[in-house]
Amino acid sequence: MTTATMYETILTEVKNEIFYITINRESKLNALNIQTLTDIKNAVLSIYPSTDIKGVILTGAGEKAFAAGADIAEFANFNVEEGTRMSAEGHAVLNAIENCPKPVIAAVNGFALGGGNELAMACHIRIAGEKAKFGQPEVNLGITPGYAGTQRLAQLIGKGRALELLMTADLIPAQRAYEMGLVNHVVPVDQVITKSEEILSKIKTKSPLAIASVIRCVNAHYEKKLDGNNVEINEFGNFFGSEDFKEGTVAFMEKRKADFKGK
């Protein structure tokens, strides 16, 4: 079971149909070393088939950092082959989050820098504490973001703003991140989990099939090999053979709350 799984660098817990993942490297400002990324990927993939879990909250231990970037000491001496492999593996981890059929919320309690910001951007929704800061400072190290930061940042805030942040390495406060569209909500730091739970409490009442479909359809827009409109057409049509569609429409006509089973 997910609740019994032990990981080296993260803590996991299931409460009220929500899967909590906490990066547990507070002394390192929750920096993302290879083991941490592996643990996050395995934890997220473990709940893909679950019918009991309706959402995920990803956060960092303590109040200083969500994840303050990749662990520079780990890759400082990498060669070209090792650096390329590290980037590819990072992409795989974040793709697992982005394509998770359950909604994943990043509860950003502090710094989300470099790989930490990339991790937050891979989540479906981002909640920021008032003192959180965001940025992609990789050019200060003579490199670019390696975990799709150049791609997702432009998707979320637009090409011009993304290029400015990527090239200046500026850090932006939570409120500015909200104004740019990088985060969905800004709340006091002690409310980032509460706000995330509040959003998931609404989502949990909807059809799990429909929620997973929404994620697939939206992601398809950014997948060059797919036509997002065709994906939506097929997804929409398939619902007419589902129990959730029948329950949802009957409940609507009977003016009662639907009881979705995810079938």
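Where does Arg25 lie relative to β2 (18–23) and α1 (34–46)? In this predicted model, Arg25 sits in the loop that runs between those two elements. Let's start there, then move on to the cores and the pockets.

**A buried arginine in a loop**

Arg25 has a relative accessible area of 13%, and because buried means under 20%, Arg25 counts as buried. Setting aside residues up to four places away in sequence, Arg25 touches Thr9, Asn30, Ala31, Leu32, Asn33, Thr36 and Asp71.

**Nonpolar cores**

The largest nonpolar core is made up of 46 residues. Within that core, the residues with the most contacts are Phe66, Leu119, Phe134 and Leu182. Another core lies apart from it, with 14 residues that include Tyr20, Ile105, Val187 and Ile215.

Phe134 deserves a look of its own. Which residues is Phe134 in contact with, leaving aside its neighbours within four places in sequence? They are Val108, Ala112, Leu113, Asn117, Ala128, Asp170, Leu171, Ile172, Ala174, Ala177, Leu182 and Val183. Leu182, then, is in contact with Phe134, and both are among the residues with the most contacts inside the largest core.

| Pocket | Volume | Lining residues | Nearest the centre |
|---|---|---|---|
| Largest pocket | about 830 Å³ | 30 residues | Glu98, Arg152, Gln155, Asn219 and Tyr222 |
| Second largest pocket | about 480 Å³ | 24 residues | Ala70, Phe75, Glu138, Leu141 and Ile143 |

Which elements each supply at least two residues of the lining of the largest pocket? They are α3 (80–98), α4 (115–122), β7 (125–129), α5 (149–157) and α9 (208–221). Of the contributors to this lining, α9 gives the most, with seven residues. By residue type, the lining of the largest pocket holds 15 nonpolar, nine polar and six charged residues.

For the second largest pocket, the elements that give two or more residues to the lining are α2 (72–75), α3 and α4. Here α3 gives the most, with three residues. The lining of the second largest pocket divides into 13 nonpolar, nine polar and two charged residues.

Looking across the two pockets, α3 and α4 each supply at least two residues to the lining of the largest pocket, and α3 and α4 also give two or more residues to the lining of the second largest pocket.

Terms used: Residues are numbered from 1 along each chain as its sequence is written. This is a predicted model: local features need pLDDT of at least 70, side-chain atom pairs count only at pLDDT 80 or more; totals for chains, interfaces and linings use all residues. Side-chain values use heavy atoms; hydrogens and water are left out. Helices (H or I, at least four residues) and strands (E, at least two) are DSSP runs, numbered from the N terminus. Buried means under 20% relative accessible area, exposed over 50%, partly exposed in between (1.4 Å probe, protein chains only). Contact means heavy atoms within 4.5 Å. A nonpolar core is a set of buried Ala, Val, Leu, Ile, Met, Phe, Trp, Tyr and Cys residues joined through side-chain atoms within 4.5 Å. On a 1 Å grid over the protein atoms alone, a cavity is a set of points where a 1.4 Å probe fits but cannot get out, and a pocket is an open set with protein on both sides within 12 Å along at least five of seven lines; lining residues have an atom within 4 Å of a point. Grid points are joined across faces, edges and corners, and a volume is the space filled by probe spheres set on the points. Ala, Val, Leu, Ile, Met, Phe, Trp, Tyr, Cys and Pro count as nonpolar, Asp, Glu, Lys and Arg as charged, and the others, Gly among them, as polar.
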